[in-house]
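Reader: I would like to go through this model in questions and answers. Please begin with the strands and then turn to the ligand.

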Amino acid sequence: MNLIERDQNKIWHPYTQHKTAALPIAIKRGEGALLWDENDKEYIDAIASWWVNPYGHSNKFIADAIYKQLTTLEHVLFGGFTHEPAVILAEKLMEILPNNQQKIFFSDNGSTAVEVAIKVALQYFFNKGEKKTTIIAFENAFHGDTFAAMAASGISFYTQAFQGMFIDVVRIPVPTKGQEQESFGALREVIKNHNCAGFIFEPLVQGAAGMVMYEPESLDKLIQICQENKVLTIADEVMTGFGKTGKFFACDYLTEKPDMMCLSKALTGGTIPMAITTFTQDIFEAFYDEDINKALFHGHTFTANPTGCAAALASLSLLQTQEMKDNVARVNKRHLAFQKHIKSHPKVTTTRVLGVIFALEIQTENTASYYGTLRNKLYDFFIENGIILRPVGNIVYILPPYIITDEQLQKVYEVVEKALEIV
Ligand SMILES: *Cc1c(COP(=O)(O)O)cnc(C)c1O
């Protein structure tokens, strides 16, 4: 049996209907923005393997840091213990986070970072003896697949089997161009009619919805409304964090600052699963008490795994080099040039660019479903042409590793343009 047959015998894949899905591609090796399968077919990883990999596959600098940590202290429990990689990582992160973020909490993945933020928002008011139990979220949001994160997510594909089993979440429209006042109005209404504890949002870009973008001024306004009404704000930067929008964090475009931030995906440069939720001092203090019941009783076995922290520290130092800043600016500039070239194509309805993120929407007769025929046709075409892209319905987006070369990026653009001929 070959690897794929053995896989199909034993493995259940994420987001996969095994009866109808194509067989998985077995990847053997990666370097930079490239991956190679079993038959040595080369692919450009134009979505950075689900947005985790800014600095390239099999990055030697991060690998060396991981090896060094593995042979010094691979892991130690974090309840009642601490270690240098966690402390240094907290210090270094706080140098680049919005300056109201004063405490960090470790976990293992983006969903859990969100789960922690939502639990903290709810317990914050519980600890203060106030009854506030509703969470506000955007339409078509994606915050992960654990229960509270799923409750906050608005893409029905992921959540329909669990309707009626969630914490209270009320949804408001995203303030995309022309929808700003509707969004502000909806937020005021929700706050008036519910006891709202928190508002969670993907700042400036809704990733899983298809790189839907909105302006910082609108988010500033929404945060202000929350602040006026003592609703905690949670910026889910799991996708947008660590340079993707052209700044370290999407929140760096804002005047207002969120109360909490969720980080994961690019945190360790795509090497080791790890996540962080960050908090203001005020939130920390709502849990700081003689009463043990006011503590945050949440934790995971691998909390603050030293090897993960070492990978995150190496990644952070790469992010802060001039070379990486230049790479982000270079990819952005090329995206803008491609946008200019493609936006008047008769099959293209809209295009969007922010930082290293590019998206275009293809004209369709009906609304294209999330995993529909158009999406599958496009996906197959990209794979045939050696490009890894996962369209969302009729939306094709590119979010490459920052180190992708100009030639590789050019090839991605050419294949995307060719794809417009087959739809
Ligand atoms: C991917 C993602 C998550 C979930 O992260 P996982 O590591 O897949 O659990 C949460 N929020 C946003 C914005 C994401 O893009």
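Author: This is a predicted model. Strand S2, residues 34-37, pairs with S3 in the antiparallel sense over three bridges.

Reader: Which residue in S3 does Trp36 stand opposite?

Author: Strands of a sheet pair through backbone hydrogen bonds, either parallel or antiparallel. S2 and S3 pair in the antiparallel sense. Within this pair, the residue in S3 opposite Trp36 is Glu42.

Reader: Which residue in the turn of the S2 and S3 hairpin has a positive phi?

Author: The hairpin formed by S2 and S3 has four residues between the strands. In that turn, a positive phi of about 65° belongs to Asp40.

Reader: What is the bridge partner of Ile44 in S15?

Author: Strand S3 covers residues 42-45 and runs parallel to S15, with two bridges joining them. In S15, the partner of Ile44 is Ile387.

Reader: Which strands stand at the edges of the open sheet, and why is one side of each left without a neighbour?

Author: The open sheet has four strands with mixed pairing, in the order S1-S2-S3-S15. Each edge strand has a single partner strand, so one side of it is left without a neighbour in the sheet. The edge strands are S1 (27-31) and S15 (387-388).

Reader: How many nonpolar, polar and charged residues are in the shell around the ligand?

Author: The ligand is surrounded by Trp51, Asn109, Gly110, Ser111, Phe142, His143, Gly144, Glu202, Asp236, Val238, Met239 and Lys265. By class, this shell has four nonpolar, five polar and three charged residues.

Reader: What percentage of the area that the ligand exposes when taken alone does the protein bury?

Author: The space taken by the ligand is the second largest pocket. Taken alone, the ligand exposes 380 Å². Of that area, the protein buries 83%.

Technical notes: Residues numbered from 1 in each chain as written. Predicted model: local features only at pLDDT ≥ 70, side-chain atom pairs only at ≥ 80, totals over all residues. Heavy atoms only, no water. Pairing = 2+ DSSP bridges. Near = heavy atom within 4 Å. Areas by Shrake-Rupley, 256 points an atom, 1.4 Å probe, with all protein chains shown as cover. 1 Å grid on protein atoms, 1.4 Å probe; cavity = no way out; pocket = protein on both sides within 12 Å on 5 of 7 lines; lining within 4 Å. Sits in = over half its atoms within 2 Å of the grid points. Nonpolar A, V, L, I, M, F, W, Y, C, P; charged D, E, K, R; others polar.
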